[in-house]
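Please open the model in your viewer and keep the selection panel at hand.

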Amino acid sequence: MVTANRPISHEGRTYHMGTKRGELANRIITVGDHQRARHLSAFLDEISLEHASPRGFLTITGLYKSAPISIVAIGMGLSMMDFFVREARMVVAGPLLIIRFGSCGSICDARIGDLIIAQEAFGIARNYEFFEAGQGAPYRISPPVKADQKLTEQMARRFKPLVRVVEGSVGNADSFYSSQGRRGDDFYDANDGLLERVGAEGAVGLEMESHMLFHLAKCSTGRDNRRPQSIRAACVLMVYADRQGDRFIDPQTSKHLVELSAKVLLDTLADSAI
């Protein structure tokens, strides 16, 4: 690595994603798992690059309707989203369009097989001061950050004739378990009533990545916060968990949603001006 501040190899590859200039497109679909990325990549017209990094990232770049598009699997959680957005910005010149295609738990009337489109996202974080020193509430909720309106509307317009869509605010937790109100007997999580509190904030679903994506897009204005925003971001989520009905998705429904969504996502990006 050349420096500790921005670790990039002598070959020009970033530390976590392992990509360099010319390998990542300005239009990106980001997902969690590698299998979903490979499934989506089957809908590209051609593939020019597939790169798996030692740190769990998979990048597939190709063409769709003559537009270069990358599909990137990043794993789960806000840290992985942070690595991805920052390192994509390091190696791509010009504006970035990013759509997150993920999964979520519904805390509204959205059911298994529906889609939730995030108009905004907010953070839900475990408050360590509460657990260590009894100070404050056990969980902190941050103000929401808006998705890119134009990109979100273009995507929603294409989805609505095909599948039931719920639009709204999405809570983003720093844990799949405690910060999403899942309860168990092994740990002291003090999360009774958390789902109700998050619902009172207007959330329709819970996940772990879109808040960081929207936050970094909003902050893509340079070190001095004086440049135009260089990243536009949107997010659509498959309802995997019905938290009110206590049901979880089956593999067939998941596969159907990926296949249904692939062309919508690719068309939205291909038709969006950089």
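A salt bridge is counted here where a side-chain nitrogen of Lys or Arg lies within 4 Å of a carboxyl oxygen of Asp or Glu. In this predicted model, a search of the whole structure finds 20 salt bridges.

Select Asp-267 and Lys-65: the two form a salt bridge whose closest N and O atoms are 2.8 Å apart. The pair links distant parts of the chain, with Asp-267 in helix α7 (residues 251-270) and Lys-65 in the loop between β3 (58-64) and β4 (67-73), 202 residues apart. Asp-267 counts as buried, at 7% relative accessibility, whereas Lys-65 is partly exposed at 47%.

Next, select Glu-50 and Arg-38, which form a salt bridge with their closest N and O atoms 2.3 Å apart. Glu-50 lies in strand β2 (residues 46-52) and Arg-38 in helix α1 (residues 34-41), so this pair ties together parts 12 residues apart in sequence. Both are partly exposed: Glu-50 at 44% relative accessibility and Arg-38 at 39%.

Move to Asp-192 and Arg-183, a salt bridge with a closest N to O distance of 3.8 Å. Asp-192 and Arg-183 are both exposed.

Finally, select strand β5 (residues 96-106), where 10 of the 11 residues are buried. Strand β10 (residues 203-207) runs antiparallel to β5, joined by two bridges. Select Ser-106 to end: Asp-242 in β11 is its bridge partner, and Gly-205 in β10 stands opposite Ser-106.

Conventions: Residues numbered from 1 in each chain as written. Predicted model: local features only at pLDDT ≥ 70, side-chain atom pairs only at ≥ 80, totals over all residues. Heavy atoms only, no water. Buried < 20%, exposed > 50% of the residue type's maximum accessible area, 1.4 Å probe, protein only. Helix = DSSP H or I, 4+ residues; strand = E, 2+ residues; numbered from the N terminus. Pairing = 2+ DSSP bridges.
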